[in-house]
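Please read the following note beside the model itself. The points are numbered so that each can be checked in turn.

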Amino acid sequence: MTTVPVFIEVKVADAGKAVAALLRELPAGSPAAASTVISFHADALAEIRRTTDAAVSYLVGQVDEQAITAAQELGAAGIGPSIAGLSLRAAEAVHEAGLAVNPWTVNTTARLDVALACGSDTITTDDPAWLQRELDVRLG
């Protein structure tokens, strides 16, 4: 059983209902129930928001006004842009909209520099051990 909140990615739009059903089965107050669902599929996130209390974050290639508006309409907690599409200006716009910045996929020191400079709220990586070591060194 999951003992910490995680990001649950919905890769197929039609999976929104199934993911929502599984989320509803989680015990209230469990760490797993505090997980965030992420997806490029706004329809899947809308279904999850309609039928659960789960937080969602809208994945995008790049932040623009349309992405911010869509995230707000979804009631999303954040936006997850590709790290390649993240800039300081974009991160500021996301934060000003009251949303978290959750970039993906940060696997190099250069991309970590960008994520940290942009004030990212979370960071997605393929190598959590590397990321933890980097953060330990940088942040003490």
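1. Strand β1 runs parallel to strand β2 (residues 36-39), and 3 bridges join the two; strands pair here if DSSP finds at least two bridges between them. Within this pairing, F7 has T36 of β2 as its bridge partner. Strands are DSSP runs of E with at least two residues, helices are runs of H or I with at least four, and both are numbered from the N terminus.

2. The model is a predicted one, in which local features need pLDDT of at least 70 and side-chain atom pairs count only at pLDDT 80 or more, whereas totals for chains, interfaces and linings use all residues. Residues are numbered from 1 along each chain as its sequence is written, and side-chain values use heavy atoms, with hydrogens and water left out.

3. The sheet as a whole is open and consists of 5 strands in the order β1-β2-β3-β4-β5, with parallel pairing. Because β1 (7-9) and β5 (100-101) stand at the edges with a single partner strand each, one side of each is left without a neighbour in the sheet. Further along the order, β3 and β4 pair in the parallel sense over 4 bridges, and S57 stands opposite G78 in β4.

4. In a regular strand the side chains alternate between the two faces of the sheet. Both faces of β2 are covered, with T36 and I38 buried on one side and V37 and S39 buried on the other; buried means under 20% relative accessible area, exposed over 50%, and partly exposed in between, for a 1.4 Å probe and protein chains only.

5. Not counting residues up to four places away in sequence, I48 touches V10, G16, V19, A20, L23, V37, A54 and V56, where contact means heavy atoms within 4.5 Å.

6. Two prolines in loops may be read side by side. P31 is found in the loop between α1 and β2, and at 35% relative accessibility P31 counts as partly exposed; the C-alpha atoms of P31 and V4 are separated by 4.9 Å, although these residues are 27 apart along the chain. P103 lies in the loop between β5 and α5, and at 0% relative accessibility P103 counts as buried. Leaving aside its neighbours within four places in sequence, P103 is in contact with P81, I83, L86, A115, S120, T122, I123 and T124.

7. A peptide bond that deserves a check joins W104 and T105, for this bond is cis, with omega at about -25°. T105 has its place in the loop between β5 and α5.
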